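Thanks for taking a look at this one with me. Below are some numbered notes to read alongside the structure.

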Amino acid sequence: MSLDLNLIRTFLSIYDHRSVTRAAQDLSLTQPTVSHALGRLRRALNDPLFVRGPAGYEPTVRASELAAVFRKAVLAVDDAVDADNFFDPSRTSRTFRLCLTDIGENAFLPRIMKQLAVQAPGASLEVVPMQISQVRTWLAHGEIDGAIASVPLEVSGRRTIVADERYVCVLPQGAAAAGPRIGWEEFLALKHVAMDPAAGHDQVEQAIRAQQVERVIALRVPHFTALAEVVVGCDMIAILPRQMATRMAERWPVAIRELPFDMPQFEVTLYWDATVSSTGAAAWFLDLVAGALGEAEG
């Protein structure tokens, strides 16, 4: 059995948007055309593929299995064509997909989007929220072009974006004792707001467990968005990468202090799968990301 490449693209758009209407808009097609294509796919694959749910069209198990295979195949075709025709970023309308933590969105997206707008004005970027346990699979299946993380990942492509980064404490200026380093008593007396380890910052949790102390975590969040306001407004403490803490201190009345224990520095790395994203449009996009973020030497 063979499938038209356009049908596969339609399937992937419905899968990504969970909506026939939004898929039609994405593909610049009419809704009846997309609905007709979905009907053809259902008959050809002998599976409903999508069922209506509270959040829109929910994929069946079969659809989720096919999505990874189809996405990798479409990207391979696109990259092969781009390689033969010489990829021209100024003319592309491709949507690139980058996996970022919430902190990464705040720190890196403005610079990436500025360069993308200049070099590829017709392109778009979709940010995939970080689920550190899924990144390797997403990269291998071509579901994302790249990922930026501070957690070491065993994948075939990597470039250091930020070298020698470290974690620090941020707390309200009025609650901070003098000195560059927070003491254990102060550290344990304050209530903590912590980032979800699944978002790519498990090193902090591991380091604190190694100290054999228990901090009071009053709030655990998956996103950075409200962190500054919670720290300042509720007299709480948070542990963040130094670069992000510095950005917070520029806008909020917070103090930055070194941790009360030694913790190794780390690197922030751009990851990709070399068998999937090493040529064509994907390779160009990875170069753009590394350049926009001032790829670290060495």
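1. A word on burial to begin: a residue is called buried when its relative accessible area is under 20%, exposed when over 50%, and partly exposed in between, using a 1.4 Å probe and protein chains only. Because its relative accessible area is 0%, C99 counts as buried. This is a predicted model, in which local features need pLDDT of at least 70 and side-chain atom pairs count only at pLDDT 80 or more, while totals for chains, interfaces and linings use all residues. Residues are numbered from 1 along each chain as its sequence is written, and side-chain values use heavy atoms, with hydrogens and water left out.

2. Now the overall picture. The protein chain has eleven helices and twelve strands; these are DSSP runs numbered from the N terminus, helices being H or I of at least four residues and strands E of at least two. Of its 298 residues, 49% are buried. Along the principal axes, the C-alpha atoms fill a box of roughly 70 × 45 × 30 Å. Among contacts (heavy atoms within 4.5 Å) with a separation of 6 or more, 75% join residues 24 or more positions apart.

3. Next, please find the open sheet of five strands, ordered β4-β3-β5-β12-β6 with mixed pairing. Strands β4 (124-129) and β6 (157-165) are at the edges with a single partner strand each, so one side of each has no neighbour in the sheet. From one strand to the next, the twist averages 20 degrees. Two strands pair if DSSP finds at least two bridges between them; β6 and β12 (residues 266-272) have six, in the antiparallel sense. R159 has L270 of β12 as its bridge partner.

4. Which helix lies across these strands? Helix α5 (residues 102-119) lies across β3 (95-100), β4, β5 (146-149), β6 and β12, and runs at about 170 degrees to β4. Such angles run from 0 to 180 degrees between N-to-C directions, with axes as lines fitted to C-alpha atoms, for helices over the stretch in contact.

5. Which residues touch the most other members of the largest nonpolar core? They are F108, I148, L227 and L270, in a core of 61 residues. Helix α11 (residues 280-292) gives the most to this core, with seven residues. Another core, of 22 residues, lies apart from it and includes I8, Y15, A24 and A63. (A nonpolar core is a set of buried Ala, Val, Leu, Ile, Met, Phe, Trp, Tyr and Cys residues joined through side-chain atoms within 4.5 Å.) Leaving out residues up to four places away in sequence, I148 touches L98, C99, F108, V268 and L270, among others.

6. The R71 side chain makes a polar contact of 2.7 Å with the side chain of D16. (A polar contact is a pair of N or O atoms within 3.5 Å; within protein, one must be able to donate a hydrogen and the other to accept it, and residues adjacent in sequence count only if both atoms are side-chain atoms.) Beyond four places in sequence, the contacts of R71 include R97, H141 and E143.

7. Finally, the cysteines: with a disulfide defined as a pair of cysteine sulfur atoms within 2.5 Å, the count is zero. C169 is in no disulfide, and the nearest cysteine sulfur, that of C234, is 17 Å away.
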